[in-house]
Amino acid sequence: MSETAVKTDAAAYVPTAKDFCLKNNTKELAIDTNFAAQSFWKEAFIRFVRKKSAMVGLILIALIVVLAAVGPKMNAYSYSAQNIAQKNFAPRVPGLEQFGILDGSETILTTSGSKKVNSYREKKLDNVYYWFGSDNFGRDLWTRTWSGARVSLMIAIAAAVIDMLIGMSYGLISGYFGGKVDIIMQRILEISNGIPRLVIVTLLLLILKPGMLTIIFALMLTEWIGMSRIARAEMLKLKEQEFVLASRTLGAGPFFIIFKEILPNIIGPIITQVMFSIPTAIFTEAFLSFVGLGIPVPECSLGSLISDGFNSFTTHSFQILPPITVMALLMLSFNLVGDGLREALDPKLKEM
C-alpha cells in the first residue's frame, strides 16, 4: 500500500466514543491470588476468618452472650428465689436422666467411705429439674450462672469503653505534645500504677457500697494504664511522619491530627489491646467478688458463685463447675479473638 493511500485512510477515520472509554481491568488485577486488589480491612477480615482458633473463640463468645441473655428465662426459677427444702440438689436434665447421665445422683464422701445419693428420689420430686443443680440455699445454679455471666459481660464492655475513652486519649495526647506535658502526664500515670488495685477498691468501699459501680470505678482508676502506654508508643512512632507534617502545614489543629490523622493508622494495635484487656477486667471482677468486695447478695457474679462453690467443694463439688467453666471459656475466648486480631491487623505477620 502506498503512503498516499495510508494518509487517505487516516483522514477518513472518524473517532468514536468507544475509543475514549477507560479500560475496566478489575478482573485482571484480581487474577493474582497472593496480591489481589483489595482493601486493608477486607484482607484483615480474610486473615481473621482463616484463623481457626480465633473463630472458635468468637463462636464461644457469641454462645455465652446468647445464653447470658436468654438462659435465666429458660426455666421457672429466678436467681434469688430460695427453697431450703431443695438445697444441694445435683444436676438433673430431662431426657439425659434416662441414660444415667445427669440424673440427679451424686457421690458424697463420708467418714466411713462414700455413698451415692439422689435427693430427687428420696424426696419423691419426679417433676423437679435443676440443670446445673441447686446451691446451699436451694437456688437454681443454671439461672444464677447465666445471671453472673451478664455481670462479667457488662464488666467486659465497661473495660473496653474505659480503655478507648481514657487510656487511648491519655496516651495519644501525652505522646503528641511531648515535652513538659508528656513528663507531667507520665508521672501521674506512674503514681496511679504504683497503687495496688485492691487498696483502691478497699478505700472505695469506705465511700461507695459494694457493687457494679464500685468495680467499674476501680477499673476506671487503673485499667486504662496499659492502653495509654501502647497509644503513646504508637504516637511517638508516627507523629514525625510526612503525612502529619503535611496536615500541620495545611493548618490542621493538634486534636484534628491526633484523632483524624494518626488514630486511623494505629487502630489495629488499639483494637488488639482492648481485646486483651477484657479478660483482665473479668478476672479482676471475679477476684473482688471471690474475696467479698464485689457484687452484693442476693445478686451474683461468676466470682461470687465460684466463692460459694469453693466453700462446698469437698461435699458438693458440682456447684463450682458451672461458673468456673463459663469464666474460663469466656477468658479463653477473648484471648483467642485478641490473638487472631493481632495477627490479622499486623501487616508484618501477614506472611507468617
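Visitor: How many cavities of 30 Å³ or more does the count come to?
Guide: Rolling a probe the size of a water molecule over the atoms shows where empty space is left. With that rule applied to this predicted model, the number of cavities of 30 Å³ or more is one.

Visitor: What volume does the largest cavity have, and which residues line it?
Guide: Let's start with the volume, which is about 50 Å³ for the largest cavity. Its lining is made by Asp 135, Leu 141, Leu 305, Asp 308, Gly 309 and Gln 319.

Visitor: Which helix gives the most to the lining of the largest cavity?
Guide: Among the lining residues are Leu 305, Asp 308 and Gly 309. By class, the lining holds two nonpolar, two polar and two charged residues. The helix spanning residues 302-311 gives the most, with three residues, and that helix is H14.

Visitor: How are H14 and H15 oriented to each other?
Guide: Two packed helices are described by the angle between their axes and the distance between the axes. H14 and helix H15 (residues 321-345) have axes 8 Å apart and pack at an angle of about 140 degrees. Over 145 degrees would count as roughly antiparallel, so H14 and H15 are oblique to each other.

Visitor: What is the handedness of the H14 and H15 crossing, and which classes do the contact residues fall into?
Guide: H14 and H15 cross in a left-handed way. Leu 302, Leu 305 and Ile 306 of H14 make the contact with Pro 323, Ile 324, Val 326 and Met 327 of H15. By class, the residues of this contact are seven nonpolar, no polar and no charged.

Visitor: Is H6 roughly parallel or roughly antiparallel to H9?
Guide: Helix H6 covers residues 141-177 and helix H9 covers residues 212-222, and their axes come within 10 Å and cross at roughly 30 degrees. Angles under 35 degrees count as roughly parallel, which means that H6 is, relative to H9, roughly parallel.

Visitor: Which residues of H9 does H6 meet?
Guide: The crossing of H6 and H9 is right-handed. By class, their contact has eleven nonpolar, no polar and no charged residues. From H6 come Val 151, Met 154, Ile 155, Ala 158, Ile 162 and Ile 166, and they meet H9 at Met 212, Ile 215, Ile 216, Leu 219 and Met 220.

Visitor: How do H4 and H6 cross, and how many charged residues does their contact have?
Guide: The axes of helix H4 (residues 52-70) and H6 come within 8 Å and cross at roughly 120 degrees, which makes H4 oblique to H6. The crossing is left-handed. H4 brings Ile 64, Val 65, Leu 67, Ala 68 and Ala 69 to the contact, and H6 brings Trp 146, Ala 149, Arg 150 and Leu 153. Beside eight nonpolar and no polar residues, the number of charged residues in this contact is one.

Notes
Residues are numbered from 1 along each chain as its sequence is written. This is a predicted model: local features need pLDDT of at least 70, side-chain atom pairs count only at pLDDT 80 or more; totals for chains, interfaces and linings use all residues. Side-chain values use heavy atoms; hydrogens and water are left out. On a 1 Å grid over the protein atoms alone, a cavity is a set of points where a 1.4 Å probe fits but cannot get out, and a pocket is an open set with protein on both sides within 12 Å along at least five of seven lines; lining residues have an atom within 4 Å of a point. Grid points are joined across faces, edges and corners, and a volume is the space filled by probe spheres set on the points. Helices (H or I, at least four residues) and strands (E, at least two) are DSSP runs, numbered from the N terminus. Ala, Val, Leu, Ile, Met, Phe, Trp, Tyr, Cys and Pro count as nonpolar, Asp, Glu, Lys and Arg as charged, and the others, Gly among them, as polar. Axes are lines fitted to C-alpha atoms, for helices over the stretch in contact, and angles run from 0 to 180 degrees between N-to-C directions. Angles under 35 degrees count as roughly parallel, over 145 as roughly antiparallel, 65 to 115 as roughly perpendicular and the rest as oblique. A crossing is left-handed if the near helix is turned anticlockwise from the far one by less than a right angle, and right-handed if clockwise. Contact means heavy atoms within 4.5 Å.
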